[in-house]
Amino acid sequence: MKLLLGIGGSDDSIRALERAVDRAAETGDDLTVAILQNPATDAAPADIESRVQSVLDGMSVTASVRHLDGDPGSQLVDLAEREDFDRIVLGGGETSPMGKIRLGSIAEFVLLNSHVSVTLVR
Amino acid sequence: MTDDRAYPDEPAGPFPTPPTTVDDREGRPITIRRYDSETDRTALAAMYDAFDPADRAQGIPPTGEKRIADWLDSITGEETVNAVAVHGDDVVGHATLVPDSDETAELAIFVLQAYQGAGIGTHLVETLLGAGEAAGVERVWLTVERWNKPAISLYEKVGFEPSDTESFEHEMAIRLH
């Protein structure tokens, strides 16, 4: 399966990365990692990339790493549709102090706009 | 978490402080009081065990004994403010303030299905806010599904105002002090 993981540096996006790489190690999924600019975090793209690389190296998985500039949700959906990905994988949101699940703005846009299947990692 | 919510300028209230007793619209005597973890935990867990999962909101309350227990541990700890609505020996409603900073807290409320629509929720929220005010909570926020008009009306009646209308869930906030 041809997977596109979007990662903007939030905690839930890091968990999604780890789970997607674990799964790719088992299944041989064709994984592409798209580094996004998430306005809700101040993670630098270079730091995210080194985190991505160390998770990939740790599981001996190879993936192509891309950087997407501009609005993260729309850029991700555009890439997935243009290059015929089978699935977009994203962090499934943070939980509030109360334990309520709160969807991030990128996941919200992607869920409502993507014609490609979407997996939210919880 | 940074607190960049738009809170109302003026404090709401005054609110009643627990304990209070009211007859609900079905004529059932309901006592609203602070939650006591020593004596109320079993009855509170029983309420959530009986709770209709169709009324879950954003993943809470969870289902299953273990998930309910873990969740109750996390929302009834130190620094939280909890109130229960009690009918006889049964807990039929629960409202909680869970702090996310020294001055602000998130609110949630659940009323058992057979007791909904009887005015208990309004009393429970007001009394919880009275308890929160007394405990020094300055500002309170919550999220609610946009389609849940009865809940939004209840929160508006109590004094909550919309604080973030752009996110997926409807966010509302109130100032206590």
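**View 1. Helices H1(A) and H2(A) meet side by side.** A:Ile14, A:Leu17, A:Glu18 and A:Val21 in H1(A) meet A:Arg51, A:Val52, A:Val55 and A:Leu56 in H2(A) (contact: C-beta atoms, placed from the backbone, within 7 Å). These residues comprise six nonpolar, no polar and two charged (nonpolar: Ala, Val, Leu, Ile, Met, Phe, Trp, Tyr, Cys and Pro; charged: Asp, Glu, Lys and Arg; polar: the others, Gly among them). The model is predicted: local features need pLDDT of at least 70, side-chain atom pairs count only at pLDDT 80 or more, and totals for chains, interfaces and linings use all residues. Residues are numbered from 1 along each chain as its sequence is written, while chains are lettered from A and ligands numbered from 1 in the order in which they are written.

**View 2. Strand S4 (residues 90-99) of chain B pairs with S3(B) and with S5(B).** Helices (H or I, at least four residues) and strands (E, at least two) are DSSP runs, numbered from the N terminus; two strands pair if DSSP finds at least two bridges between them. Seven bridges join S3(B), residues 81-87, to S4(B) in an antiparallel arrangement, with B:Val84 partnered by B:His94. Two residues separate these strands in a hairpin, and B:Gly88 in the turn has a positive phi of about 60°. S4(B) also pairs antiparallel with S5(B), residues 104-111, over seven bridges; here B:Pro99 stands opposite B:Ala105. This hairpin has four residues between its strands.

**View 3. Chain A touches chain B.** Nine residues of chain A are in contact with 15 residues of chain B. The chain A side has four nonpolar, two polar and three charged residues.

Key
Two residues are in contact if their C-beta atoms, placed from the backbone, lie within 7 Å.
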